[in-house]
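Biologist: Hi, I'm new to this one. Could you walk me through it?

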Amino acid sequence: MARIFAYITHRAGIIDDSAAELLSAANKIDPAAAPTAIVTGSGAELDSACASLCASYAEVWKLSDESLAYPNAELVRKALVNVLPPGSIVLAAHEHFGIDLAPGLSIKLGAVFASDLLEIEGMEGLLLKVVRQEFGGQVSAHVQCDISSGAVLTIRPGAFKALAISPANGQVVDRSADVGTLTAGRRYLETVVAETGDIDITKQNILVSIGRGIQEKDNVGIAQDLADALGAAVSCSRPVVDAKWLEKSRQVGSSGKAVKPKVYLACGISGAFQHLAGLKGNPFIIAINKNPKAPIFQVASVGIVDDLLELLPELTNKIHEMRKVAA
Amino acid sequence: MMETIQSPAQATYWLVQGRELFLSIYVLGSACFFYIVARRLAPLLRGERDFRFDRPLRRLRNVLQFWLGQWRHPRYRGAGTIHILIFAGFIVLATRAFWVLALGISDGFVMPGLSGTTGHVYGIVADYASTVVFLCMMIAAIRRLAFTPARYSVPARYGKGHPADAIFLLALIAILMAADSLFQGSKAAALAQQGRTAEFLPVLSLPWIFKDSLLSTPLPTLQSLHLGAYLVHGLTFFFLLCYRPFGIQFHVETSLFSLYFAKLDRGTLKPVRWGVSDEQLGQVKSFGVKKFEDFTWKHMLDFYSCADCGRCSDNCPANAVGRPLSPRFIGIKARDYAFQHYPMFGSSANGKALVGDIYSEDEIWSCTTCGACEEECPLLVESIDKVVDLRRGLVDDGDVPQSLQRPLKALESRGNPYGKMEKKRADWAAAPQFQQTCAVKVLNGKKADALYFVDSITSYDDRMQAIGRATAEILHHVGQDFGILGAAERDSGHEVRRFGEETLFQALRDHNTEAITASGVRRIVTADPHAYNALKHDYKDVPPVEHISQVIARGVKTGTIKFHPVDNQSDVYTYHDPCYLGRHNHIYQEPRNVLDAIPGLKRVEMSRSRDRSFCCGGGGLMLFYEPKEEQRMGVKRVQMAAEAGANVIVTACPFCMVNIEDAIKVAGLEGKMTAIDLVELTQQQIAQKDPKAA
Amino acid sequence: MEILVCVKRVPDTSENEIEFNPEGNDIERDELVYGVNEPDNYAVEEALQITARVGGQVTVVTVGGEDDEEVLRREMAMGASHGVLLADDAFSGSDARSIAAILQAFLRKGKYDLVLTGVQAEDGGAQVGGMLAAMLDYPFASLVNSIEVLDGRKLRISREVEGGNREVSEIDLPCVLSIQTGINEPRYVGMRGIRAVASVPVPTYGVTDLALDPNTVGETAAKVKRLDYFLPALGNGAEMLHGSREEIVARVADLIAAKGGLR
């Protein structure tokens with residue numbers, strides 16, 4: 001079996017949650033394998049990341065180069081191509097960096113590519129059987145990949161539960177010398193931070209979150225009324241921001257904010273993965289949707305099939321009632 | 001005999017003889033006027049064609065009713081009365097004006113046919129007329145300065161008001177009246193001083209007042225006054241003549257033509273291009289109005305004729321709720337554009353896009369096509385066609401708001417704006433419990449006498465399906481053999497057309513027409529006024545269509561429908577006239593007859609009712625548009641119902657129902673106000689047939 | 001600037017419930033409505049706006065069959081000057097890598113300054129753009145939400161990263177970008193526009209025209225194969241609440257109070 005590598009992203013020396021998930025995914029491909037973590041960057045932050053990874057990975061390859069201080073996928077790809085043995089299996093998280101890096105990496109390595117994997121069922125001969133989703137999460141599909149010449153696989157963040165692993169006491173291997181001269185046709189300039197707006201949804205305990213099901217801008221008030229009654233805030237999924245019904249600062253999701261509320265009311269939200277990716281910390285999810293087959297019902301704690309435009313005002317009234325009694 | 005005082009023709013004005021002076025003034029003034037009018041006509045010659053020369057007798061009737069008869073004016077009592085008086089005065093004084101001017105060239109001129117008694121009688125009438133006009137000028141000026149009606153104000157985003165100009169014009173007309181009266185009065189006073197008979201001046205008329213106050217004025221002064229007044233009159237007359245085309249007063253000249261060429265087929269929409277059949281439309285390079293010259297000549301004439309009275313905007317629901325639309329300024333801005341780009345001297349600069357320049361996109365999309373503006377306008381200016389043409393231009397260029405693109409795409413692929421599947425269109429009739437009591441035929445192969453055209457919202461919306469079922473039950477009750485098209489039915493396309501997507505509309509229309517024809521029905525009935533209007537006016541070659549309220553009213557009249565009394569005697573009902581049933585199609589009374597036939601039902605009228613009804617917010621695609629407004633139209637309407645003392649609003653349109661029910665919630669009147677459709681109420685109150693008698 | 005936009009015809013599944021066909025190996029497609037993949041449409045609009053600013057033409061290309069021509073025509077109705085169909089029996093069953101190879105073969109025939117794709121299609125793969133760039137050795141950026149043309153054959157782009165932040169970079173032309181929805185407001189295309197381009201020729205290129213080795217594309221070359229579709233197990237899904245709305249509302253209110261507390 002080919003060697004398995006897990007590319008780990010980090011920020012300010014802190015490794016991403018996906019590190020544990022990639023370990024778990026690698027385990028599904030080959031339970032006997034000890035995957036190697038591979039990290040790029042430079043300076044003390046990189047060292048710190050490597051040190052953290054040693055707790056779970058047996059071997060950590062450090063690729064340090066000044067040009068890699070900011071993770072530019074174009075440069076990282078070149079570095080990896082220079083360093084990885086032929087036929088390797090590379091795992092990464094399917095988020096904005098993985099999306100940027102992985103497809104091109106598979107071509108340069110001559111390896112097969114499969115993205116956004118939910119499950120890895122295991123090997124059947126030379127073929128790896130995996131599970132993906134299509135049509136916005138409405139159907140699942142079994143897919144087989146010929147990994148005989150290597151593979152680049154991205155996994156859906158949160159899909160692979162971290163394994164209980166005994167500390168690995170990993171070794172850091174410095175492969176920086178093999179990285180080669182790194183230049184690319186794309187040069188990082190800066191990161192423009194999103195405006196926070198008047199409400200910071202990342203600090204809220206309870207979120208009333210709305211999706212396409214709210215139907216029109218005028219109905220946003222219905223959610224706001226409930227949020228006011230609860231002492232909560234209104235957040236939303238991407239389509240609401242695209243339609244300009246709420247500002248970007250209210251968006252929960254992989255391209256929006258990561259939120260950690262205790263209670264999350266998903267109203268008229270279908271449950272597309274990109275949105276759910278923004279929910280951290282295992283909140284209690286109450287899903288309200290007209291469509292009984294909406295994917296959100298698979299991940300919610302409690303589900304209600306109803307018209308949110310009717311249900312929310314009644315819920316708001318009930319909350320007001322409860323407050324009066326309590327007062 | 002020696003003349004007491006010289007007449008203007010004979011007198012010498014600063015070394016020039018009167019006759020020559022006035023001849024020059026008249027020739028120059030007229031030449032000026034004709035030049036100005038020619039320049040004003042220039043854009044009309046570049047405008048699109050408009051077929052307005054047919055049915056001359058009907059057009060003359062319009063002229064008699066709306067021009068001579070000032071039919072629309074009394075809708076605003078105060079301003080209307082003043083205007084009727086002024087207009088009547090002008091009509092009477094037209095002859096007088098000509099007569100007076102002729103005197104300047106031809107001394108002792110007498111108007112043909114007005115010698116002798118007729119002339120004297122005319123003189124008296126004319127004298128009072130000019131007095132009335134003069135007084136009206138005073139009243140109008142005071143009103144304009146001290147009691148300006150709100151509808152005259154010009155919000156900053158539309159430009160600036162012209163109060164000084166308005167007073168200036170009123171003053172000029174007053175001067176005209178005064179000059180003529182002084183001209184007469186001074187001569188009469190002179191003759192009186194010499195003990196000679198003067199032209200009879202009726203008591204308390206303006207000329208009489210002048211005469212009376214000049215009785216002791218020395219003759220030379222009278223002479224100067226007489227000649228001076230005449231000169232002032234002539235100059236003022238021609239100044240006014242040449243000044244009017246520069247502002248709203250141009251309507252004095254253009255109104256006659258505007259009213260003659262007014263649209264005869266109200267309720268219809270102008271075709272994309274006159275003279276181009278639907279089949280030939282593919283060859284037209286550009287749809288709609290993008291630049292000024294894309295307007296038809298008649299629409300340009302409308303811009304000139306607009307008197308800026310503000311009645312349209314005063315009744316426009318979009319304007320009332322703070323949307324960026326004011327029908328008045330659609331016209332005035334275009335007129336100012338024409339004035340600016342077709343100047344008196346120099347070449348015309350034109351061809352710029354109007355939307356983005358004088359109009360904003362939101363302005364154009366805000367219109368619900370309710371027709372309140374057209375109902376009000378004394379000059380029969382057509383606003384809806386202009387908005388639709390502007391929308392056609394935007395659609396042609398792909399400038400459609402994102403929120404409308406989705407339903408349009410769904411209409412194209414699924415035949416309804418919700419994107420729901422065609423095969424589910426008749427599901428509302430297939431609910432098992434309903435099927436047992438009221439089986440609804442689907443006309444795929446089966447035959448029926450009438451077609452119940454359901455249209456999209458009643459077919460797919462959970463709440464509105466109740467209207468569909470109630471309508472079916474009523475049709476059964478009156479014994480009407482009917483069926484529905486089911487999955488073969490597509491959206492009527494009524495709003496699609498009014499939102500400027502003509503091609504998609506025609507596809508929907510052609511599909512429906514084929515299905516209707518294939519079904520072999522002889523009549524069509526619908527509960528949706530938008531579908532009713534489409535089938536009546538936008539569709540060709542389909543059987544005659546009725547609205548369900550007409551069927552019910554007929555049933556009430558013939559006794560087929562009998563009602564039992566209302567349960568709650570304390571409820572107060574009010575009927576809200578849907579725009580496309582009432583204003584556009586004049587069906588006001590039938591729904592009221594139905595309500596009045598229900599025993600114990602207390603009904604009140606809102607102050608805005610019948611042709612002054614206030615739009616609920618619009619239907620079809622308008623439900624998907626996100627307007628910038630301060631308030632919802634529906635909320636205003638619900639407040640009007642509350643003010644009238646009602647707690648039940650009866651509507652006869654599914655879109656009104658959506659908007660009103662929504663508005664009740666938004667206005668915080670849940671529990672205090674309810675809405676019910678006419679068919680639901682009818683179905684509820686129909687006396688059950690005696691089971692023994694069946 | 002010559003811009004090539006790769007588009008795909010996909011079923012519109014947002015309003016429709018997905019059902020499986022009787023054989024169980026695909027979704028029931030008979031009553032689905034197809035249209036252009038939404039992110040691709042944003043990409044075409046972006047390309048049109050760029051050429052409106054700096055001049056040039058937009059070409060749209062798709063890999064498929066006869067049925068797929070309609071999306072080319074729709075994008076041409078939107079304003080693309082040329083549409084190209086890459087069709088051949090040999091292409092059927094291609095995986096993403098083969099699709100990219102087919103597009104690469106077409107690109108070699110022309111000279112394009114910029115290649116755009118939508119960020120992903122209905123299969124959620126988000127792969128063709130990145131693969132194509134690597135095959136061509138062009139720089140690549142995904143999740144692009146703004147493009148500014150600079151002097152000297154360069155663009156300033158921003159990418160959508162976590163937290164709603166934007167990662168701003170400079171990228172050399174020629175390059176490949178995958179475009180995220182919301183980058184602009186696509187213009188409306190109606191039936192009239194589509195009819196107007198109905199007779200514009202859309203050239204079709206097959207394996208031979210593109211000088212492709214048939215063994216490198218299609219079913220036989222595919223290293224990734226979808227085996228089936230199935231509904232995800234609902235086993236550990238939500239506890240569905242039943243009852244009257246009043247009962248449900250009361251239950252939900254209690255749950256919120258219990259789990260989150262009311263402030």
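Modeller: Happy to! Let me start with chain B: the centres of its domain 1 and domain 3, taken over C-alpha atoms, are 59 Å apart. The domain bounds come from an automatic or database domain assignment. This is a predicted model, where local features need pLDDT of at least 70, side-chain atom pairs count only at pLDDT 80 or more, and totals for chains, interfaces and linings use all residues. Residues are numbered from 1 along each chain as its sequence is written, while chains are lettered from A and ligands numbered from 1 in the order in which they are written.

Biologist: Which domains does the assignment give for chain B?

Modeller: Domain 1 covers 52-150 + 161-246, domain 2 is 285-396, domain 3 is 402-557 and domain 4 is 558-685.

Biologist: And how is chain A divided?

Modeller: Chain A has domain 1 (4-179) and domain 2 (201-326). Their centres, over C-alpha atoms, lie 33 Å apart. Seven residues from domain 1 of chain A and seven from domain 2 of chain A make the contact, where contact means that the C-beta atoms of two residues, placed from the backbone, lie within 7 Å.

Biologist: How many helices and strands are in chain A?

Modeller: Chain A has nine helices and 18 strands. These are DSSP runs numbered from the N terminus, with helices being H or I of at least four residues and strands E of at least two.

Biologist: Why is chain A called as compact as a globular protein of that length?

Modeller: Its radius of gyration is 22 Å, close to the 20 Å that the globule rule gives for 327 residues, so chain A is as compact as a globular protein of that length. That radius is taken over C-alpha atoms, and the rule is 2.2 Å times the number of residues to the power 0.38. Along its principal axes, the C-alpha trace of chain A spans about 65 × 45 × 40 Å.

Biologist: Now the helices. At what angle do H3 and H4 of chain A pack?

Modeller: Helix H3 (residues 73-83) of chain A and helix H4 (residues 96-109) of chain A pack at about 35°, with axes 9 Å apart. Axes are lines fitted to C-alpha atoms, for helices over the stretch in contact, and angles run from 0 to 180 degrees between N-to-C directions. Among the residues that meet are A:Leu80 in H3(A) and A:Leu105 in H4(A).

Biologist: Last one: how many residues of chain C are in contact with chain B?

Modeller: Twelve residues of chain C, in contact with 17 residues of chain B.
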